[in-house]
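Here are my notes for you, as numbered points. Keep the model open while you read.

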Amino acid sequence: MIIISDFDCDACINAHSLYDSIHQEYKDKVKFGYIHYSTMPTFAQIASDAANKQNKFWEFHDSLYTHKGYIDSIAAFNIAQNMSMDINKFQNDITNNEGKKSIEKTINQLVLLGIYATPTIIINGRLIVNSNSKEEICHLIDEELLK
């Protein structure tokens, strides 16, 4: 199950707890992934890429989705510091533009594939756009697990 989402999207923020509950239910049976999508790379996306370089992506991801308010550099660095990340490495990974370029490339590829909205889920190639139905998503996962 791949989640295509954006930390600054209200629908994505609202869907986070749904996706988290699905993850908890299926984490031993299904591989989960996350892809950033927005009109252009955001600071939150670039910071999460930097967190990933310290093997802290999912923890950082969850913190961003539960953060109340705008995600700016102060919020991101506070989260990173609370997670005991190497702040110098985190800052270097944010400022070197490698993460930004990678996210831009991914966004462009998604557009070429016809993906224009968040949240979007892909389950073994089956596309679900902005579903807030746990039953629908779990049904599709269960169908794929039976194959």
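1. Start with Tyr37, which is buried at a relative accessible area of 9%; buried means under 20% relative accessible area, exposed over 50% and partly exposed in between, using a 1.4 Å probe and protein chains only. You'll find Tyr37 in the loop between β2 (33-36) and α2. Helices (H or I, at least four residues) and strands (E, at least two) are DSSP runs, numbered from the N terminus.

2. A word on where this comes from: this is a predicted model, where local features need pLDDT of at least 70 and side-chain atom pairs count only at pLDDT 80 or more, while totals for chains, interfaces and linings use all residues. Residues are numbered from 1 along each chain as its sequence is written, and side-chain values use heavy atoms, with hydrogens and water left out.

3. Which residues does Tyr37 touch, leaving aside neighbours within four places in sequence? Among them are Ile4, Ser5, Asp6, Gln45, Ile107 and Tyr116, where contact means heavy atoms within 4.5 Å. Ile3 is 34 residues from Tyr37 in sequence, yet their C-alphas are 9.8 Å apart.

4. Now the cysteines. A disulfide is a covalent bond between the sulfur atoms of two cysteines; here it is counted when the two sulfurs are within 2.5 Å. The whole structure has zero disulfides. Cys12 is buried at 1% relative accessibility, and Cys138 is buried at 9%.

5. Cys138 also turns up in a helix pair: on α7 (residues 134-146), the residues touching α1 (residues 10-26) include Cys138, Ile137 and Ile141. The two helices pack at about 30 degrees, with axes 11 Å apart. Axes are lines fitted to C-alpha atoms, for helices over the stretch in contact, and angles run from 0 to 180 degrees between N-to-C directions. Nonpolar covers Ala, Val, Leu, Ile, Met, Phe, Trp, Tyr, Cys and Pro; charged covers Asp, Glu, Lys and Arg; the others, Gly among them, are polar.

6. Last, have a look at α2 (residues 43-52) and α3 (residues 57-66), whose axes come within 8 Å and cross at roughly 150 degrees. They are therefore roughly antiparallel (over 145 degrees; under 35 is roughly parallel, 65 to 115 roughly perpendicular, the rest oblique). Ala44, Ala47, Ser48, Ala51 and Asn52 of α2 meet Phe57, Phe60 and Leu64 of α3. By class, that contact has six nonpolar, two polar and no charged residues.
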